[in-house]
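The following briefing sets out packing, strand pairing and backbone geometry for the structure shown below. The points are grouped by topic.

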Amino acid sequence: MGMHILVLAGGSGTRLWPMSRRSTPKHLLPLARGGETLLRATVDRVIPLGDSVRIVTAADQVAGCRTALAGLSIPDDAYIAEPLARGTGPALGLAVGLIAREDPDALIASIHADHRVSDPAAYRAAVLASAGWASGTDGLATVGLVPAAPVTGFGYIELGDLRPPGLWTMPEGSPPEIAAAAAALPAFESAGFTEKPSAEVAQAYVRGGRHLWNLGLFAWTARRFLSELSIADPGLSATLDAAVDARIRGDEDAVRRLYGEQRAQAVEPLLLERTPRLTVVEATFGWSDLGSWTDVHDARMADGDVDGDGNVVEGSVLVTAAHGCTVVSRSGRIVAVAGIDGVVVVDTPDAVLVVPALQSQLLKEVVEELRTAGREDVL
């Protein structure tokens, strides 16, 4: 038994506007160490783990993903295109359904393409551990990260009872490294999910030590995932099964029609928050979802990729008497910042962002105002 890796590489590309757009979402930006795209760094990190790596992305992002992964052994049929944006629930249902037609008992790990990780070995060990628990218990598993701070913008998983390794039995023929990883990290029953708690609740979670960040790193066998999906949403299950049939016979019009009938759903409320078969693996490694320009600054600072005044600079940039700024020029123009602290300036050929770093959450309002104004050309 090997393992198949699904890399979720979707997204509308708004949280790092104006550098991120629909055509160049976060995972296609050079935000990993060394200037690699996040997608390339993610695939490089996990390709040793799986018998196959497949990229689950939007139909209009397949070409960009192929470009980012040029030179790697990713075949053309490894790109699973979601015809319309319907969230991680239907997207994973389609991808798992396609794998199940090849091997109903396939062991699958699902990861995100747009996360920045500073300890790849610990990350890989956590993914393997979740796969071990999913396989050994015939259930579903997720990786929870010990929170570094009471962040309100993340999801949290509450830990239930500790699950001793004796609860599971690895199937015959399983790679020994999967069983070893599962035995090396603590694992728990899930006691529930909370999405984006208040500051007070998040602080209580961190103090209490019974809540982990939900990273969206999951594992299951194809058979178990599809079984749980048929219980949770029989209509979606049947429609996705028909969409898989249509894709196999090459009828993309039918795939788009069937898929478009479904409402958007995240996989957590669809399956993981309902199933009694979920195991939570507790892990610790350097991680960021780079959900804001402040996160980009913090990640680059953690890597030491700043000047003597704590500024992150990229492109034709001049910074004088300024501290803790993020200044990016992608337009070819010289961008000068002087006598100001803690500001984000991002210059692209058709848009410029200037915002205090501590108010970078206002970017969401900016994007919504541009959308309301019909400025789809800059989104």
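In helix α12 (residues 363-372), Leu 363, Val 367 and Leu 370 are buried, where buried means under 20% relative accessible area, exposed over 50% and partly exposed in between (1.4 Å probe, protein chains only). Because these residues cover an arc of only 60° around the axis, they lie on the same side of α12; the arc is that of the directions from the helix axis to the C-beta atoms. This is a predicted model, in which local features need pLDDT of at least 70 and side-chain atom pairs count only at pLDDT 80 or more, while totals for chains, interfaces and linings use all residues. Residues are numbered from 1 along each chain as its sequence is written, and side-chain values use heavy atoms, with hydrogens and water left out.

- Helices (H or I, at least four residues) and strands (E, at least two) are DSSP runs, numbered from the N terminus.
- On the other side of α12, Lys 364, Glu 369 and Thr 372 are exposed.
- The buried residues of α12 pack against α11 (293-302) and β17 (351-356), contact being defined as heavy atoms within 4.5 Å.
- Gly 374, which follows α12, has a positive phi near 80°.

- An open sheet of four strands has the order β12-β14-β16-β17, with mixed pairing; two strands pair if DSSP finds at least two bridges between them.
- β12 (312-314) and β17 stand at the edges with a single partner strand each, so one side of each is left without a neighbour in the sheet.
- From one strand to the next, the twist averages 5°.
- α11 packs on this sheet, touching β12, β14 (326-329), β16 and β17, and its direction makes about 100° with that of β12; axes are lines fitted to C-alpha atoms, for helices over the stretch in contact, and angles run from 0 to 180 degrees between N-to-C directions.
- Strand β16 (residues 343-348) pairs with β17 in the antiparallel sense over six bridges, and Val 346 stands opposite Leu 353 in β17.

**Strands β1, β2 and β3**

- β1 (residues 3-9) and β2 run parallel and are joined by six bridges; Ile 5 stands opposite Val 53 in β2.
- β2 also pairs with β3 (residues 79-82), in the parallel sense over four bridges, with Ile 55 opposite Tyr 79 in β3.
- Seven of the seven residues of β2 (residues 52-58) are buried.

**Nonpolar cores**

- A nonpolar core is a set of buried Ala, Val, Leu, Ile, Met, Phe, Trp, Tyr and Cys residues joined through side-chain atoms within 4.5 Å.
- The largest such core has 53 residues, of which Met 3, Ile 5, Val 7, Leu 39, Ile 55 and Phe 285 touch the most other members.
- Helix α4 (residues 120-137) supplies the largest share of this core, eight residues.
- Apart from this core lies another, of 37 residues, including Ile 80, Ile 157, Ala 243 and Leu 278.
- Beyond residues up to four places away in sequence, the contacts of Val 7 include Leu 39, Val 53, Ile 55 and Ile 111.

**The loop between α10 and β10**

- Arg 277 lies in the loop between α10 (267-272) and β10 (278-283) and is partly exposed, at 32% relative accessibility.
- The side chain of Arg 277 reaches the backbone oxygen of Asp 138 at 2.8 Å; a polar contact is a pair of N or O atoms within 3.5 Å, and within protein one must be able to donate a hydrogen and the other to accept it, while residues adjacent in sequence count only if both atoms are side-chain atoms.
- Thr 275 is in the loop between α10 and β10 as well, and is buried at a relative accessible area of 11%.
- A polar atom of the Thr 275 side chain lies 3.0 Å from the backbone nitrogen of Arg 277.

**Backbone geometry**

- Most residues other than glycine have a negative phi, and most peptide bonds are trans.
- Asp 138, in the loop between α4 and β6 (140-145), has a positive phi near 50°.
- Ala 321 also has a positive phi, of about 50°, and is exposed with a relative accessible area of 54%.
- The peptide bond from Trp 17 to Pro 18 is cis, with omega near 5°; Pro 18 is found in the loop between β1 and α1 (38-46).
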